Amino acid sequence: MAYWLMKSEPDVNSYDDVVNRGVPEEWHSVRNYTARNNMKAMKLGDEAFFYHSNIGKEIVGIIKVVALAHPDSTAEPNDKGNIVWECVDVLPVKKLPKPVTLETIKKTPELANMALVKLSRLSVSPVTEAEWKLICKMGGL
C-alpha cells in the first residue's frame, strides 16, 4: 500500500462533507500534471490524508482510494478531443481525533522533507510510510 496527501478547501469540500455524502467521492478538478500523475499511480486501497487547505491548513482525516484513475467528469476535452485530466474516487476511513496543523508539521524535524512542506502548492502528493506513521501518532491514532 502507498500513502498520499490530498488537499481540499474546506469551504468547498470538507472532510465532513465527504463523510456526510456517504458515497464514493470523485477527487475532481485537479489541474496539475504532477498531481494528476500521482493519482494515476494510486492503487485500490491506498490511503491518503485529507488536508484542509487555505482555511485551517491541517490534516483532518484519512480517505482511501476506491476507484482507479479515470477521466475527470469536470474536465473539458483538449483540441484533439481527449480528456487529459484524470482523478480517483475516494471514501472516508476515519477522522483524526486531533487535527495535525501545517505549523506543527513544519516544526517537526522528521517531517522536514515531506512533500507537503517541500512542494507546498502540490494538491496530491506522496507520503512516506515513516511520515504516515508519525502523523497518525500526532493525530491521536
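Okay, quick definition to start: two strands pair if DSSP finds at least two bridges between them. Strands here are DSSP runs of E, at least two residues, and helices are runs of H or I, at least four residues, numbered from the N terminus.

Now, this is a predicted model, so local features need pLDDT of at least 70 and side-chain atom pairs pLDDT 80 or more, while totals for chains, interfaces and linings use all residues. Numbering runs from 1 along each chain as its sequence is written, and side-chain values use heavy atoms, with hydrogens and water left out.

So, the sheet. Strand 1 and strand 3, residues 47–52, run parallel and are joined by six bridges. One partner to look at is His-52 in strand 3, which bridges to Ser-8. The whole thing is an open sheet of six strands, mixed pairing, order 2-5-4-3-1-6. Strand 2 and strand 6 (124–127) each have a single partner strand, so one side of each has no neighbour in the sheet.

Next, two loop residues. Most residues other than glycine have a negative phi. Well, Asn-54 has a positive one, near 65°, and sits in the loop between strand 3 and strand 4. Ser-29 also has a positive phi, near 75°, in the loop between strand 2 and helix 2 (33–41).

Are they buried or exposed? Taking buried as under 20% relative accessible area, exposed as over 50% and partly exposed as in between, with a 1.4 Å probe and protein chains only, Asn-54 is exposed at 52%, and Ser-29 is partly exposed at 41%.
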